Amino acid sequence: MDKVQRTEAQWREMLTPDEYQVLREAGTEAPWTGEYTNTRAEGVYRCRACGAELFRSGEKFESHCGWPSFYQPSSDDAVVLIEDGSLGMVRTEVRCARCDSHLGHVFEGEGYPVPTNQRWCINSISLTLEPATDEQPAAGGQAAAAGGQAAAASE
């Protein structure tokens, strides 16, 4: 995979101020405000900054935490995980492997009925959804989720 390298000035030029704040400064959009929080459309979720494939709709589930949740990325090399000690706790930050943009955080062991026991809590503003076509449907099926269960340390 070719790495995307841009100057901060180039990133600022191509991203909106809100996108820049989340993707390049590791910010977080407010809960329940993102366009993909409740989306059920099938397709591929790509990095808004570079277009790399990150997640597929078949791995998206309803976590009721205020941000889109997935139980795994589309491939192991799509993302990079970094220990994040901000906010007085240790979390695992998720970044795009291609352009190093901040996407959100991954949490484990919260009890959601998903195959990986993980919740990839991702900012909608970090993503774009490429809808599935008749020729290329999204892989997998919608996972069921525990109703009303939200983590205290969400995205």
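This is a predicted model: local features need pLDDT of at least 70, side-chain atom pairs count only at pLDDT 80 or more; totals for chains, interfaces and linings use all residues.
## Overall architecture

The protein has 155 residues, of which buried residues make up 47%. Its secondary structure consists of 2 helices and 9 strands.

Contacts between residues at least 6 apart in sequence were examined for their span: 61% of them join residues at least 24 apart.

## Cavity

Searching the whole structure gives 1 cavity of 30 Å³ or more. The volume of the largest cavity is about 50 Å³. It is lined by 13 residues, and those closest to its centre are Thr-37, Glu-62, Ser-63, His-64 and Trp-67.

By residue class, the lining of the largest cavity contains 5 nonpolar, 6 polar and 2 charged residues.

## Salt bridges

Side chains of opposite charge can pair when their charged atoms come close. In the whole structure, the search finds 11 salt bridges. One of them joins Arg-48 to Glu-19, with the closest N and O atoms 3.4 Å apart. The pair links distant parts of the chain, the two residues being 29 residues apart. Glu-19 lies in helix 2 (residues 17-23), while Arg-48 is in the loop between strand 1 (43-47) and strand 2 (53-56). Glu-19 counts as buried because its relative accessibility, 11%, is under 20%. Arg-48 has 22% relative accessibility and therefore counts as partly exposed.

A salt bridge also forms between Glu-53 and Arg-56, where the closest N and O atoms are 2.9 Å apart. Glu-53 is partly exposed, with a relative accessible area of 25%, and Arg-56 is partly exposed at 23% relative accessibility. Arg-95 and Asp-100 meet through their side chains in another salt bridge, at 3.5 Å from N to O. Here Arg-95 is buried, with a relative accessible area of 16%, whereas Asp-100 is partly exposed at 38%. Elsewhere, salt bridges with shared partners join Glu-19, Glu-35 and Arg-48 into one network.

## Surroundings of Val-79

Val-79 belongs to strand 5, which covers residues 79-84. With a relative accessible area of 10%, Val-79 falls under the 20% limit and so counts as buried. Its contacts, leaving aside neighbours within four places in sequence, are with Leu-54, Pro-73, Val-94, Arg-95, Ala-97, Leu-103 and Trp-120.

Val-94 is 15 residues from Val-79 in sequence, and the C-alpha atoms of the two residues are 6.4 Å apart in space. Arg-95, which is in contact with Val-79, is also the partner of Asp-100 in a salt bridge. Both Val-79 and Arg-95 are buried.

Notes. Residues are numbered from 1 along each chain as its sequence is written. Side-chain values use heavy atoms; hydrogens and water are left out. On a 1 Å grid over the protein atoms alone, a cavity is a set of points where a 1.4 Å probe fits but cannot get out, and a pocket is an open set with protein on both sides within 12 Å along at least five of seven lines; lining residues have an atom within 4 Å of a point. Grid points are joined across faces, edges and corners, and a volume is the space filled by probe spheres set on the points. Ala, Val, Leu, Ile, Met, Phe, Trp, Tyr, Cys and Pro count as nonpolar, Asp, Glu, Lys and Arg as charged, and the others, Gly among them, as polar. Helices (H or I, at least four residues) and strands (E, at least two) are DSSP runs, numbered from the N terminus. Buried means under 20% relative accessible area, exposed over 50%, partly exposed in between (1.4 Å probe, protein chains only). Contact means heavy atoms within 4.5 Å. A salt bridge is a side-chain nitrogen of Lys or Arg within 4 Å of a carboxyl oxygen of Asp or Glu.
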